[in-house]
Amino acid sequence: MKKSKKLLIPAVIFTAAFLLQPAYTQDKQNNLSEDFVFEDMDMVELGPKDGQEFDVYVIGDSSQSFTEKRWIKPFLLNRTETTYDLWYSVRKTAEDMGYKFLNPGQEGSRGKRGAAPTQYGKYQPVTMISWYDAVIWCNALSELYGLTPCYTYKNQVLKDATETTRLDLAECNWDSKGFRLPSEEEWEYAARKTKNGFQGGDIMSGQADENGKTDFSIPEEAVSWTANNTDQTRPAGTAGTPFESKAPPKPGSGNPNGAGLFDMSGNILEFVWDWMANYRPSEPGKRCTGPESGSQRVSRGGSWSVYTPFCYAGDRYSFDPNEVYNYFGFRLAQTN
C-alpha cells in the first residue's frame, strides 16, 4: 500500500453544510451511524521512490493507437473521487470568499442540485459540475489551506467559473503545492500502477496482480461500478462489495487498485487537465501536460452510465469543458 497523507478541512467550512434540511432521492436507508467519519481527503503518494527523480512508463500501452513514454515526478492523488460532502462544504465557504460557480453540484447521480449533504448520500461523488467548476473549486480549496492556488490567468488567481475564456487560457503552476486536477499522464499512471510494475490499459484498473500481470480471476465487478452492475453512482470506494439498498456498504470498504486507489474504473468519469489530442513525444525527464489549447478536455475512467461504457485504465473520453452530466466528477491531485 502506498503512503498517504490524510488532510483535515478547517472546521469552519463545515458549518454551512448543515444549515439546510436534507433532501435526497436515492436509497433512503443507510448503515452509517451518526458518528461514522470517512476520510474523504486521503492523498496517496505516487511516482518515483528510493530517491529517484522520476518514474517511467508508456502511456496508451495496450489501449491506444498512439503511445509515448512518460516521465512521472512525485505527486499526490486522492484515494477516492471528490465526495459531495467535501464539495459542498468547500463551495459554500468559497462563495462567501468571492468565488463563483456555474453549477452547485449534487449528491451522485440522483441527488438534489445544490442541496445540503444528507446522511444517506453525502459520500456519493459530486456530479453535475463542469470542468470549469472543478478548477475553480480546487483554487478555493488551496486558499482555504493557505496554499498557493494552481490556476491563474495573467498571474491572477481564477475565482469565477463563468469566465470561461480566461479558464480556457489558464495556466497551471505545477510547482505549486495547491490542489489541482491530475494531468492525464498522472491519471493513467495512477490507474495502471501496481506494487511492482504496471498493468495494461486494456483491463479495469485493479484487475491485475502486484506485478501488473492481468488477472481475470478478479472480475470487472470486483473493482468497478459500471452499467453492468449498477444503474446509478455508488458511495466512494465501494466497488466489489455486496450492495443492498437497506444496508449499503460503508465508503472505502471496497477493492482498491494496485496503487491503493478506489474507483479508477467506473462510478464517475473524472476530469483531468489536458486538452484532447493524440499523445506526443515529450522531453525525457520533463512533465507532459498536453497541448496548450484545444476544444475539449480529457476525462478518464468511464462511469456507471451507458453513455460512458469504456472503463478500462487506458480508455479516454473528451468533452467541452462547459458540459455537465450526472456521471461527471473529479479527483484531487497535488504536486508532492
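Helices (H or I, at least four residues) and strands (E, at least two) are DSSP runs, numbered from the N terminus. The chain has 4 helices and 16 strands. This is a predicted model, in which local features need pLDDT of at least 70 and side-chain atom pairs count only at pLDDT 80 or more, while totals for chains, interfaces and linings use all residues. Residues are numbered from 1 along each chain as its sequence is written, and side-chain values use heavy atoms, with hydrogens and water left out.

**The chain as a whole**

- Of the 336 residues in the chain, 57% are buried (buried means under 20% relative accessible area, exposed over 50%, partly exposed in between, with a 1.4 Å probe and protein chains only).
- The accessible surface comes to about 13800 Å², and 48% of it belongs to carbon and sulfur atoms (Shrake-Rupley method with a 1.4 Å probe; for residues, only the protein chains shown count as cover).
- Among contacts (heavy atoms within 4.5 Å) between residues at least 6 apart in sequence, 71% join residues at least 24 apart.

**Nonpolar cores**

- A nonpolar core is a set of buried Ala, Val, Leu, Ile, Met, Phe, Trp, Tyr and Cys residues joined through side-chain atoms within 4.5 Å.
- The largest such core has 44 residues, and those with the most contacts inside it are W87, W137, Y151, L181, F271, F330 and L332.
- Two or more residues of this core come from each of helix 1 (84–96), helix 2 (131–144), strand 8 (151–153), strand 12 (269–275) and strand 14 (316–319).
- Helix 2 gives the largest share, 9 residues.
- Leaving out residues up to four places away in sequence, F330 touches E81, T82, W87, V126, I129, A134, W137, C138, L181, I268, E270 and F271.
- Another core, of 19 residues, lies apart from the largest one and has L46, A190, M264 and A333 among its members.

**Strands and sheets**

- Two strands pair if DSSP finds at least two bridges between them.
- Strand 8 and strand 10 are joined by 2 bridges, and Y151 stands opposite C172 of strand 10.
- Another open sheet has 4 strands in the order 14-13-12-15, with mixed pairing.
- Here the edge strands are strand 14 and strand 15 (328–329), each pairing on one side only.
- Strand 12 pairs with strand 13 (residues 297–300) in the antiparallel sense over 3 bridges, with E270 opposite R300 of strand 13.
- In a regular strand the side chains alternate between the two faces of the sheet.
- Strand 5 (residues 75–78) is covered on both faces: F75 and L77 on one side, and L76 and N78 on the other, are all buried.
- Strand 5 pairs with strand 2 (residues 42–46) in the antiparallel sense over 4 bridges, where L77 is the bridge partner of V44.
- Strand 5 also pairs antiparallel with strand 16 (residues 333–335), over 3 bridges, where T335 is the bridge partner of F75.

**Two loop residues**

- G254 is in the loop between helix 4 (184–192) and strand 12, and this residue counts as buried because its relative accessibility is 12%.
- G254 and G237 are 17 residues apart in sequence, with 5.3 Å between their C-alpha atoms.
- Apart from neighbours within four places in sequence, G254 is in contact with G237, T238, A239, T241 and F262.
- E53 is in the loop between strand 2 and strand 3 (55–59), and this residue counts as exposed because its relative accessibility is 56%.
- The C-alpha atoms of E53 and P74 are separated by 8.1 Å, although the two residues are 21 apart along the chain.
- Residues that E53 touches, not counting those up to four places away in sequence, are P48, I72, K73 and P74.

**Aromatic rings and charges**

- The whole structure has 24 aromatic pairs (rings of Phe, Tyr and Trp, the last by its six-membered ring, with centres within 6.5 Å; planes under 30 degrees apart count as stacked, over 60 as edge-to-face and the rest as tilted).
- F319 and F328 form an edge-to-face pair, at 4.7 Å centre to centre and 70° between the planes.
- F319 counts as buried at 14% relative accessibility, and F328 counts as buried at 1%.
- Y327 and F328 form an edge-to-face pair, at 5.5 Å centre to centre and 85° between the planes.
- Ring pairs link F271, Y307, F310, Y317, F319, Y325, Y327 and F328 into a cluster.
- A charge sits over a ring if NZ of Lys or CZ of Arg is within 6 Å of the ring centre and within 35 degrees of the ring normal.
- R297 lies over the face of W275, at 3.7 Å from the ring centre, and the charged end of K193 sits over the ring of F198, 5.1 Å from its centre.
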